[in-house]
Number of protein chains: 2
Amino acid sequence: MGLSIGEVAQRSGLSVHALRFYEREGLFANPVRRLSNGRRIYDEEDLEWLAICTKLRSSGMPLVVIRQYIELVRQGPGNEHERLELLRQHETHVETQIRELQDTLAVMRLKVRIYEDHIARGEADRLWNPSHPAAAQAGTQQECHPPEST
Amino acid sequence: MGLSIGEVAQRSGLSVHALRFYEREGLFANPVRRLSNGRRIYDEEDLEWLAICTKLRSSGMPLVVIRQYIELVRQGPGNEHERLELLRQHETHVETQIRELQDTLAVMRLKVRIYEDHIARGEADRLWNPSHPAAAQAGTQQECHPPEST
DNA sequence: TGTTGATCTAGACCCGACTCTAGGTTCTAC
DNA sequence: GTAGAACCTAGAGTCGGGTCTAGATCAACA
């Protein structure tokens, strides 16, 4: 019925080591139960939380903040405002990241286009003038992209 | 005419320490020039590159990859295909990040809404039944959000 | 029965990306 | 001519987030 740490590792994408590390760091809502032999057993709820937890992490929430959140959860009802505040802050943070990445993406696309054009021209040069391609390319670079040599 | 390291730090948002560190790590296209007294001087081109560099970093390109890229630039014309490949890979990586963040954002918004509703109901409870608000809240939590206690 | 493989704990180690320190030089202003 | 700010180098330290190791236990199979 319960899941072993190995199964949870496979299904969550986290390593066995990371799961034990997360537990030490207090990132589980409920203390992880053990079999009589001391081995950890997890359930589907743990997996669901780990999925969320992984999303929070990969979207830039530090473990220490995840711990704050889970501590509020552990305290039980009554602190929903604080939890909400925490979630809203992260929501905003994620929105900011998306905007910044979109900005970066625009820059990347521009640079990719510049290089594509440059290469197209470079190869055209080679076709028209196959005897000294290096010189032709150097000329192209100098004349056409002084501010975009990087 | 040239910019001191302090000015560049201010204008780039990087620390003076980080600028020296970046130089050691080989992240500048051109070797940083020095005054006769050994002090670094930068120019506007350096600032432009640092702006790009900062975007690459904050969008998840490791310094070691930025170095690879700048080494290609330093080698001069002839390796545009490699540079393009590198840029395209990062473009893809940024696109992936955006998609993942949008996914996370949807989850965050859902959770925020659930908490907002929960709190609205909790406060409604208090209004209808101000004599035992904690019990009312606990009941609400148990009955309405068993799978969303986190 | 003995080996293989999964698990356990405690604690050391690693990596990326800075950040800071110590000890020294140089510039600027008073 | 001296204080204070800005700079220099080499190298140590920090921090987040894991990862790995050693040495032990336990289950299951041949």
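This is a predicted model: local features need pLDDT of at least 70, side-chain atom pairs count only at pLDDT 80 or more; totals for chains, interfaces and linings use all residues.

Me: How many helices and strands does chain A have, and in what order do the elements run?

Reply: Helices (H or I, at least four residues) and strands (E, at least two) are DSSP runs, numbered from the N terminus. Chain A has six helices and two strands, and from the N terminus on the order is α-α-β-β-α-α-α-α.

Me: Which part of chain A carries a UniProt domain feature?

Reply: UniProt positions are given in the numbering used here, with feature names shortened, and annotations may be inferred rather than shown by experiment. In an unreviewed entry, UniProt places "domain: HTH merR-type" at residues 1-72 of chain A; that span is 58% helix and 6% strand, and its end C-alpha atoms lie 29 Å apart.

Me: How many residues does each chain give to the contact between chain A and chain B?

Reply: Two residues are in contact if their C-beta atoms, placed from the backbone, lie within 7 Å. Chain A gives 42 residues and chain B gives 42 residues. On the side of chain A that touches chain B, the elements giving two or more residues are helix 3 (44-58), helix 5 (80-128) and helix 6 (133-144), and helix 5 supplies the largest share, 27 residues.

Me: Which residues come nearest to each DNA strand?

Reply: A residue is near a strand if its C-beta atom, placed from the backbone, lies within 6 Å of it. Around DNA strand C there are 17 residues, of which Ser4(A), Gly6(A), Arg40(A), Asn37(B) and Leu63(B) come nearest. For DNA strand D, the nearest of 17 residues are Pro62(A), Leu63(A), Ser4(B), Gly6(B) and Arg40(B).

Me: Which helix gives the largest share of each DNA surface?

Reply: For the surface near DNA strand C, helix 2 of chain B gives the largest share, three residues, whereas near DNA strand D the largest share, three residues, comes from helix 2 of chain A.

Key:
Residues are numbered from 1 along each chain as its sequence is written. Chains are lettered from A and ligands numbered from 1 in the order in which they are written.
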